[in-house]
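Welcome! Please take a look at the structure below, and then we can walk through a pocket and a helix together.

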Amino acid sequence: MMAAENWRACLIREIRRKAIHLTGLSVPILLLKAGWCITVWFVATALLVAVVLETLRLRGMIRLPEVRESEQGRVAGYFFYISGCLLTVVLFSEVIAALAILMLCIGDAASGIVGSVVVGSNVRDPGTPRKRKPRVVSAAMLTVCVLLGVLSSSFTHIPPHVYLAGAAGATLADSVPIFVKGRSVDDNFTIPLVAGALMAGASML
């Protein structure tokens with residue numbers, strides 16, 4: 001665990017970031033209430049706004065709240081978050097996409113908050129010696145994602161073997177970074193896609 005003087009500040013900073021993260025709950029709610037077309041239009045519009053904001057931010061013309069220091073010279077995580085949501089909605093059925101995005105919104109938030117006070121949780125910065133997040137962080141992610149599957153099954157009607165596959169995929173994408181040419185692929189992008197792909201595959205069994 002972190003030194004006592006550091007963990008409180010890290011925890012508060014991560015809770016502020018994850019509060020913004022939870023705005024993504026609008027996507028599964030819209031998907032289940034308003035349908036596929038309206039949701040795709042909504043998320044695509046959000047992505048266009050994000051393109052403009054990121055262009056202005058990377059040119060130093062605006063500042064955005066809760067952007068990490070490591071994101072100052074590169075595209076920020078919220079852009080990958082919206083991109084991942086849009087692809088997930090396009091590629092998978094409505095109920096699978098809704099649950100995969102719930103795992104991103106709430107499961108990743110839980111993982112981030114627990115990881116903010118556990119040393120070695122940041123495995124995506126270049127040069128980090130760890131190849132996966134600590135087990136306690138992965139356990140938090142898996143537990144929350146399984147609970148989401150159980151609690152949402154009353155209206156998604158997704159069977160246990162399918163949401164368990166999604167929870168395992170979301171946890172794997174969160175815990176083990178993928179590097180391409182020395183740069184890690186943002187887990188906001190991979191979590192809903194891996195969870196959705198495994199649920200889609202499991203639903204065919």
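The largest share of the second largest pocket's lining comes from α3, which gives 6 residues. This is a predicted model, where local features need pLDDT of at least 70 and side-chain atom pairs count only at pLDDT 80 or more, while totals for chains, interfaces and linings use all residues. Residues are numbered from 1 along each chain as its sequence is written, and side-chain values use heavy atoms, with hydrogens and water left out.

**The second largest pocket**

- Its volume is about 590 Å³.
- The lining has 26 residues, and Ile-20, Thr-23, Tyr-78, Tyr-81 and Ile-82 lie nearest the centre.
- At least two lining residues come from each of α1 (4–21), α2 (26–34), α3 (36–58) and α4 (77–91).
- By type, the lining splits into 16 nonpolar, 6 polar and 4 charged residues.
- A pocket here is an open set of points on a 1 Å grid over the protein atoms alone where a 1.4 Å probe fits, with protein on both sides within 12 Å along at least five of seven lines; lining residues have an atom within 4 Å of a point.

**Helix α6**

- Helix α6 covers residues 135–156, 22 residues in total, and spans 29 Å from first C-alpha to last, close to the 32 Å expected at 1.5 Å a residue (1.5 Å times one less than the number of residues).
- Helices are DSSP runs of H or I with at least four residues, numbered from the N terminus.
- At Val-150, α6 bends by about 30°, the angle between axes fitted to the seven residues ending there and the seven starting there.
- Just after α6, His-157 has a positive phi of about 60°.

How values were computed:
Grid points are joined across faces, edges and corners, and a volume is the space filled by probe spheres set on the points. Ala, Val, Leu, Ile, Met, Phe, Trp, Tyr, Cys and Pro count as nonpolar, Asp, Glu, Lys and Arg as charged, and the others, Gly among them, as polar.
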